[in-house]
Amino acid sequence: MPAAAVQTRTVPPTAHPFATAGGGTLFEYKVATLLAVDMIRSRYTELGGVVVAFEMQAGSAGFEDLLISLELVEGGHRTVHAQCRHVQRFTGADTKFATLLTQAASALLADEASFASEERRFTIVVDRDSPGHVSMAKLCELARAANGYAKFLGAVDAHAGQIAKRWSHCLQAAEGMDPALLYRVLAAFEVHAVEVRTAVTRDSVELINRLAQAWDPPNQRGAVNLANALFKHLTETGPVGGVVDMRSLQGSLRAHLPLTVGAATRRAILGRRRDAGTRRVAMTLRAIGLEDDEASVLAARALAASISITPSMDLTVVSGPMGVGKTTELERLHRDAIDRALRDANAPIPVFLHAKEVGSASLDSVVTGHVSGLGDPSRVGVHLVIDGLDEAGVRISEIAARVATLVASWPNSTVVIASRPESSQLGLDTVAVEPLSQEVATALMAMIDPHIDRWPVWRPELSEVLRRPLFAIRYALDHRKSNFAAVREAQLVDSVGRHAIDDLGDIADGIFELLARMACRVVDSGGQSAELRSLEATPLQIGQIARSRIVHVADGRASFQLAVLTEWFAANALLRDPDVLALSVSSPLRSHRWRYALVQALLQGSAEAIDTVISTMLAHAPATAAWVYHHAKAPYNALRANPLAASALEAGERVRRAERAWIEPWPKLVESWTLAGEMPALGVAMEGSHLVTAWSRNPHDVPNAVVPLPPLVHPLGQPNPAWTGEKAGTPNGDVLWPWDWTFDGVQHQVERWIANRDLLAEIEVCWPELAWDYAHQILKRSPEVQSKPILRDELEAAVTGIRNQFPDSDVHVISYRGGWRLSEAEAFLGDLHRLDVREIVSPWPPPNTRGSWTWSWWTTDQLLARLRLATSAALDVYQAIVDRHVPSMAAELNTYQLLPARIVGTLTPGTGEGLDSEPHYSWHLEPLPAGAANEAVWQLGETNDWNGSDWEKRIGVIRSLRGDVAERVRSPIHGGEPQVLSSTPAGSLALALLAGDLYAFNWTRNFSRLDMNSKSTRPLYG
């Protein structure tokens, strides 16, 4: 408002300045009084720094009430143009609000550089009862936090509710303005609310309490008198009084001020610097995602912790990887120096700088402005802390000479700088900030989310991430936001990657693609850093990634500060470039190296991209595909999606594609689940997140591939016999749901084949032991402890006797292990006649003694002979199973890659009788040269070395014979009985090995022994 319109109010000396309500000019004077009190107390305000001066009615661009000058927490200054409005409606229909936005946009365009660097900002101060100020303040915070208009819109959509409504009002009020410009206006805009209507309202009381602390002891009466004098001074002088700063207030209010108050006193300056450290740490914590109050509390706790490093030379380099806590450690050192300076006037002068403030200037010239009023640096020296050397692009070698010059000019000085590790640090004293212990990291996470009470069991590189404070806090926040559901490994990697992008801020064109290329080089090489010259990057781009927090550049090579960032950026390359996806699964070694990046691709990709990635994996690396899917799928208690797809037909297409891709690696499944190689028609019904599916085996009745289900096809209703495989439920809520929906059926079938020995029926090496086992089932005898051959005539007599009882039926004959079907037994006899087999004998050394326990039916020599023959044959059986039933996985499966192999085992014989007297076994696989026959070597001895102490030797043998296979296979020492006591020892051990290999890729859900009570399997003789 014009100066002539300003009303001057005289307040009696004993009256409280906020004793009367009022808006307009009175509200403006009350806000000015609050600023003056903050200036007197040298207090950091919500505006981001200490108020050093303000001027009334001197602003521009519509924000003309107050022009405020601030000294910022992180260094530097800011000018804030403030408008004071007792009541302001932030609505699209409010003309004053529309005018503010328009004038702010004009000012921003006239001086874009100042607003972009936040040297200038707008604020509107309203009464706490003013409508809409909370959502408006939050909207402006989102604009400042976002790195770009698109991210801002995403944040608004994510918050929805009042935030989205307020954005809509802003668009309406700024009609005709480019929305992207409006976003930039909001980023330069703040809203602050005060409550100063009466003497007992919130900010009024806080003002008096704050002033009272300026006396020692606190003086409430003196505070009231000073507040009255302040308000009187401001209302009497008004805008014509010019700039209000500490010097002018001391000249006008000297009689009311305590002697210790004044922004220029040594104690006040040091106090502000101490406070600034806390606020810098709190500012970082708020940027991570903590609320204001908890950020302040956690910052105070962090700085109160003990210092873990001790500078021991004129120049000390504090080193450590990203997020480990270097800055916090420097802040502790700086606070300690401040406390020493407060106690001792001859202590070095504490100064905290960011390397960006140093640039190429001499250190003493930069520091000179920070020592004014604190002593003579040439006599007492300085305690200089410089943070972020690497982020500013300043190398340690470049700063060392300038430090030497400073120390020569100002003896007794100590300089501490922080930088990530460099290949050469010129022999300087270097101390490393170590990651937190698991116990301390867990306690830190529990401060943010009390439901975190234990350390997650993750792979080492992820556990190491959580031992860095930055990522421990982010993990706890993610855990809290997920409603305390478990945060999985892949989710943590995704969170770290997304935060890394936010940390990069505005990046030049091509930087993201450069980081993705670098990640691909690192992944494809098995973790080796990438040569800079191979990245096809400009010097400007190389300089930018070198200065970033996430990349380490040294000796012409680049790598990510965190291994998990490699996975995240490589995943983006997988989703963007089909050639990268094809490369990632072009060999078993590559699919192994890319597996974590493929997990991230499934987390980040769209539904279409996910279907493409998994289908491609199943076509080229089916074992790895199941592992990747398992590690990417949502936790059991994840929120459900609604809807699952745009339509039932779209859901059906995804289910159909997923089912086909899962069964493709298993020829036996393709044969039984398809019609002439084609998937049958799929019926789908969908209501919200509830899904019903069923398959039709009649192509004539259902001509389309995906159709709506008929009304009677529902598991809870009347079944329709034309449809099979009905399934209903609510899939997990992530975009992986079709793969989750279809995989369990395939997995269950594979597990059933293994448990029931069905995969052995067509394996010729297995026919003798299967026949032995099956024949004993027919005769209701236990095959494990039998040695006498079975005559074909005995079997015919048993089968004919039952057929005579049921001449026209196929009956199931009950036996001790599941029984057998009459038609199957007749087919078995037919095969025996065709092959002219008159008796069936055990192919393995049979029992040759008697005892109370199964293992006591063999002498030690007989058991050793059985081990040698049966386990050697098991490797042949295993190879035959894979070749016949899952050939596309052969190159990935662990045991298959060790073949041909030798089983090297040790048998410790049992002693006496009883459960504790069984034999003990220790064995492992040792690869043999290509073309050799599988074999087994067993010896007697003590089996106490099954922990694998000779692992390095064994992996060396694998490397020499199999090359790069050694990177992805293992040869563990087994401590359990190798199925030798089974009636089908070779087949059972082969299936156990296969089950273990499939379990490693999550193709099966458990790794247990075979079902010893399952039915016998008839050998399907060729």
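How many cavities of 30 Å³ or more does the count give? The count comes to 1 cavity. The structure is a predicted model, in which local features need pLDDT of at least 70 and side-chain atom pairs count only at pLDDT 80 or more, while totals for chains, interfaces and linings use all residues. Residues are numbered from 1 along each chain as its sequence is written, and side-chain values use heavy atoms, with hydrogens and water left out.

View A. The largest cavity has a volume of about 50 Å³. A cavity is a set of points, on a 1 Å grid over the protein atoms alone, where a 1.4 Å probe fits but cannot get out; lining residues have an atom within 4 Å of a point. Grid points are joined across faces, edges and corners, and a volume is the space filled by probe spheres set on the points. Among the lining residues are Trp772, Trp844, Trp858, Glu784 and Arg866. By class, the lining comprises 5 nonpolar, 4 polar and 2 charged residues (Ala, Val, Leu, Ile, Met, Phe, Trp, Tyr, Cys and Pro count as nonpolar, Asp, Glu, Lys and Arg as charged, and the others, Gly among them, as polar).

**View B. The second largest pocket.** This pocket holds about 970 Å³ of space; a pocket is an open set of grid points with protein on both sides within 12 Å along at least five of seven lines. Of its 38 lining residues, Val457, Trp458, Glu489, Trp627 and His631 are the closest to the centre. At least two lining residues come from each of helix H20 (469-481), helix H21 (489-504), helix H26 (588-593), helix H27 (595-604) and helix H29 (622-632). Helices (H or I, at least four residues) and strands (E, at least two) are DSSP runs, numbered from the N terminus. The lining has 18 nonpolar, 9 polar and 11 charged residues.

View C. The structure contains 26 aromatic pairs. Rings of Phe, Tyr and Trp (its six-membered ring) pair if their centres lie within 6.5 Å; planes under 30 degrees apart count as stacked, over 60 as edge-to-face and the rest as tilted. Phe152 and Tyr183 form a tilted pair, at 5.2 Å centre to centre and 35° between the planes. Because Phe152 lies in helix H5 (residues 149-159) and Tyr183 in helix H7 (residues 179-187), the pair ties together parts that are 31 residues apart in sequence. Phe152 is buried at 0% relative accessibility, and Tyr183 is buried at 9% (buried means under 20% relative accessible area, exposed over 50%, partly exposed in between, with a 1.4 Å probe and protein chains only).

View D. The ring centres of Trp662 and Trp1003 are 5.6 Å apart with planes at 85°, so the pair is edge-to-face. Trp662 belongs to helix H30 (residues 648-663) and Trp1003 to the segment after helix H39 (985-1000), 341 residues apart. Both Trp662 and Trp1003 are buried. One aromatic cluster is formed by Tyr629, Trp662, Trp666, Trp739, Phe743, Trp753 and Trp1003.

**View E. Charges over tryptophan rings.** Arg595 lies over the face of Trp627, 5.7 Å from the ring centre, and Lys668 lies over the face of Trp753, at 5.5 Å. A charge sits over a ring if NZ of Lys or CZ of Arg is within 6 Å of the ring centre and within 35 degrees of the ring normal.
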